[in-house]
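This report looks at how two chains are arranged and at how the parts of one chain meet. Please keep the sequence and the structure in view while reading.

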2 protein chains.
Amino acid sequence: MKEYESLERRFREAATVRSIAAMLGWDQETFLPGKGAVWRGEQLAWLAGRQHRLVTGEEIGAALEVCAGYFPEEGREATNVRGWARDFRMASRIPVEYVERMARLTSEATHVWAGARKAADFSMYRPILEQLVGMAREKADLLGWEGCRYDALLDEYEPGSTAAAVEELFARLAPEIAAMVGPAVAAAAGDGGWEPSGHFPVAGQQAFNREVAEAIGFDFEAGRIDASNHPFCTGLGPGDTRLTTRYDESNFLSSLYGVLHEAGHGMYEQGLDGGQWGLPVGEACSLGIHESQSRLWENHIGGSDQFWEHWLPRAAHYFPQLSGCSPHAVAAAARRVSPGFIRVDADEVTYDLHVILRFEIERGLVGGSLAVADVPEAWNARFRELTGLAVPDDARGCLQDVHWSFGGFGYFPTYTMGNLHASQLMAAARGAVPGLDGEIAAGNYSALRGWLREQVHMHGRRWSPEELMRRATGEEPGVAAHLAHLRTRYLR
Amino acid sequence: MKEYESLERRFREAATVRSIAAMLGWDQETFLPGKGAVWRGEQLAWLAGRQHRLVTGEEIGAALEVCAGYFPEEGREATNVRGWARDFRMASRIPVEYVERMARLTSEATHVWAGARKAADFSMYRPILEQLVGMAREKADLLGWEGCRYDALLDEYEPGSTAAAVEELFARLAPEIAAMVGPAVAAAAGDGGWEPSGHFPVAGQQAFNREVAEAIGFDFEAGRIDASNHPFCTGLGPGDTRLTTRYDESNFLSSLYGVLHEAGHGMYEQGLDGGQWGLPVGEACSLGIHESQSRLWENHIGGSDQFWEHWLPRAAHYFPQLSGCSPHAVAAAARRVSPGFIRVDADEVTYDLHVILRFEIERGLVGGSLAVADVPEAWNARFRELTGLAVPDDARGCLQDVHWSFGGFGYFPTYTMGNLHASQLMAAARGAVPGLDGEIAAGNYSALRGWLREQVHMHGRRWSPEELMRRATGEEPGVAAHLAHLRTRYLR
């Protein structure tokens with residue numbers, strides 16, 4: 001059908017442009033020299049403008065109308081048409097001028113933010129954060145909203161989700177987690193408290209991480225691992241998925257869990273339909289589903305005793321000081337519950353408290369009930385309520401995350417959704433894959449990976465996140481599986 | 001003037017697109033995973049098409065007519081207008097369909113070539129080389145030519161140059177060099193024949209190379225060094241110039257001279273007018289002039305005894321096995337004359353024989369007097385005439401260079417022009433900078449670098465290569481200075 005073919009050509013071109021921007025973004029975080037930052041901003045603004053023009057042409061609307069309802073429901077074409085219609089609707093509400101202005105602002109903001117965080121000085125960041133909040137509100141109003149402004153932003157990352165739904169989820173989660181922290185810390189005290197010590201050379205960490213990532217199924221012919229300040233994963237095209245991690249020579253666990261997390265994302269990207277790469281049926285379902293893949297490998301697999309039963313000998317091969325350890329001692333160190341200031345270093349139990357805090361803060365900013373100038377005070381007060389800890393400086397408080405600097409208001413809740421989905425998927429996988437724990441202890445991950453590929457990866461955006469979860473697990477997405485997992489693991 | 005401003009906007013956008021393609025090209029040579037190659041070809045084809053459309057719009061011709069003769073001769077604006085007129089004239093003769101087809105073909109050809117070279121099997125490369133030659137002939141005919149087809153291709157890299165002029169230059173050069181090889185080999189026999197031995201760890205080479213590159217003036221805040229199979233330098237924007245080198249742990253000189261060469265290119269890029277980056281006045285004059293900068297630092301500076309007087313202690317700091325050496329012994333090893341098969345490993349005396357061979361072969365291919373199937377035989381026969389050596393296989397013969405695979409027919413002669421210009425510029429610099437050899441021996445390069453910046457870098461495309469050389473050196477460009485340099489250095 002010629003309208004479908006012309007849409008496919010058009011959106012494939014847009015995917016090409018997006019992938020070029022992703023390549024430049026990857027380089028910006030890994031290798032770009034300091035004096036190249038301004039020009040990089042120009043390049044990204046140009047690409048953002050081109051991409052936006054491609055997905056907002058007038059002829060798209062007409063072609064979409066012809067295609068609507070034409071193809072069998074849930075098939076590849078119908079999925080693409082539905083996805084294009086959503087993307088076209090949203091993109092058409094944003095003028096290209098906004099897109100280019102935003103690309104320049106975020107390119108500058110990530111630099112300003114890095115400087116402010118280094119100096120632990122919120123006042124350096126405040127003016128540009130005000131602009132970022134203004135742009136986020138402007139975008140929400142352009143996109144349109146019913147319940148509240150925040151809904152419009154959240155929906156971009158997690159289609160169909162609303163602030164009210166997130167609030168309800170968090171209201172069920174927060175008290176359960178809060179009640180669990182004390183007992184979990186106490187239970188962990190019985191572990192013996194082993195910690196990594198000695199020197200862990202970067203070269204050894206790289207070799208060990210690569211072995212692990214290959215074993216769980218990340219394809220290095222179609223991807224790579226580099227270093228960056230903040231670990232991330234980015235899909236640059238079919239056959240090109242890149243992870244980063246960061247190295248601490250006093251603790252090999254830091255880079256390893258970065259790799260496990262990002263390789264979870266990476267295997268989702270590598271499991272998508274490469275022939276449809278960048279088209280809706282070849283794209284990830286949502287950020288929450290994406291995060292479920294990273295958290296599943298990082299926490300459920302990597303945090304288990306079984307994982308270390310297989311991997312400790314290999315780790316000790318690279319780091320001889322581990323020779324005397326037990327698998328349980330290393331696993332216990334990896335998952336130790338200990339409330340702290342930094343989200344990305346948080347344990348599995350307290351992690352979601354960090355997310356809840358950010359959701360509340362950014363909802364206030366976007367809704368207008370919280371002024372940018374009051375962020376540090378609001379952050380620190382609420383952090384104390386949630387964890388009992390007093391934030392020592394803004395670098396360890398409201399300046400720690402990059403998200404607002406790239407315009408990612410509405411992004412944080414998807415982290416918690418990822419945790420919830422990961423637990424629910426893992427419970428379902430245990431039911432579907434007999435002897436899964438034994439497989440993990442033997443270092444054999446293919447059955448689990450195959451199940452994830454079939455249930456999650458290969459469907460792209462065929463269903464909504466909720467529908468995907470229902471089909472994969474047979475249950476409504478919720479908090480039960482995650483709370484059960486935390487209780488089993490931490491309240492023995 | 002509004003026509004000038006609209007041209008500037010337009011060509012600045014084209015420069016942005018070119019710089020994005022350069023970024024993707026850099027990544028292709030350094031980090032791209034194997035399975036990402038096909039998609040990378042799509043990305044590059046898209047960028048090539050966009051860039052071509054930008055510089056060939058109808059409205060450009062009209063604006064150029066208004067601007068012609070309007071600005072003071074030799075000023076920034078006049079240089080840009082002249083450069084745009086040339087670029088527009090050439091680009092307008094090439095259809096966008098050709099540009100995109102060529103981008104896809106070269107992306108594939110570089111892969112096919114790498115495989116064929118590895119297997120030392122010309123038959124693997126032959127079919128795609130036939131296509132490449134066909135495309136080169138097609139392009140020459142599209143561009144138009146008077147003397148011969150090759151002129152059209154050469155002019156792209158070296159404006160104003162012709163095959164006849166190159167032939168005349170080579171006719172003067174070849175017998176002089178041929179007569180020099182034997183005596184130079186004999187003279188080198190008196191050097192004692194020291195060679196690097198022992199282990200030179202990559203980390204030590206990286207640290208030493210960086211010290212040297214910084215000292216000669218490469219700005220690492222605006223650039224970086226990575227590893228690739230073939231050393232290269234690429235300008236990705238103002239403030240972002242990247243070099244690569246390759247490491248041999250049995251010989252630290254290989255990566256060091258790669259860095260000296262590429263840093264010469266890099267300092268030219270960094271010395272251009274950053275505010276006019278990508279516009280003619282902020283672009284390199286020609287490939288021959290570019291190569292003069294790399295060869296000057298690699299050979300004239302790096303190959304001197306004075307260079308090693310300063311650097312040997314630092315090298316011995318990283319590689320203790322060098323402690324007993326004399327600066328002269330290391331310099332003699334670095335510049336030792338010894339005819340061999342590989343152009344990029346060739347010494348300063350025999351290097352141009354490799355270029356002459358390639359010029360003859362590709363002239364034959366483009367002109368139609370040599371069939372692709374006959375390339376290995378023609379190559380090996382002529383190589384024996386020039387050097388007396390029998391090529392053992394095509395990997396060390398006609399498969400050794402990447403140039404044809406990226407469509408670079410007409411590129412090779414600029415290497416020899418670079419050698420000639422380097423010697424002529426160096427002779428002029430000696431006259432202009434008193435005590436230059438003493439400065440080099442003291443590790444002080446700022447006077448030389450300043451002279452190059454003033455005489456060469458900052459002018460961009462203001463003058464033709466010949467005019468630039470006349471102004472910088474006070475003489476017509478020719479072979480005399482280079483032959484004098486070789487005689488002084490190699491026939492003591």
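## Domains of chain A

Domain bounds, as used here, come from an automatic or database domain assignment. In this model, which is predicted, the assignment divides chain A into domain 1 (2–92) and domain 2 (122–492), and the C-alpha centres of these two domains of chain A lie 27 Å apart.

## Where the domains of chain A touch

Between the domains, 20 residues of domain 1 of chain A are in contact with 19 residues of domain 2 of chain A. On the domain 1 side, the elements that give two or more residues are helix 1 (2–30) and helix 4 (76–92) of chain A, and helix 1 of chain A gives the most, with twelve residues. Sorted by class, this side of domain 1 of chain A has seven nonpolar, six polar and seven charged residues.

## How the two chains are related

Chain B can be laid on chain A by a turn of 180° with a shift of 0.0 Å along the axis, which leaves an RMSD of 0.0 Å. The two copies are therefore related as by a two-fold rotation axis.

## The interface between chains A and B

Across this interface, 28 residues of chain B are in contact with 28 residues of chain A. On the chain B side, helix 1 (2–30), helix 2 (37–54) and strand 1 (223–227) each supply at least two residues, and the largest share, seven residues, comes from helix 1 of chain B. By class, the side of chain B that touches chain A has 13 nonpolar, eight polar and seven charged residues.

Because 100% of the interface residues of chain B are also interface residues in chain A, the copies meet through the same surface.

Terms used
Residues numbered from 1 in each chain as written. Chains lettered and ligands numbered in written order. Predicted model: local features only at pLDDT ≥ 70, side-chain atom pairs only at ≥ 80, totals over all residues. Least-squares fit on C-alpha atoms with pLDDT ≥ 70 in both. Contact = placed C-beta atoms within 7 Å. Helix = DSSP H or I, 4+ residues; strand = E, 2+ residues; numbered from the N terminus. Nonpolar A, V, L, I, M, F, W, Y, C, P; charged D, E, K, R; others polar.
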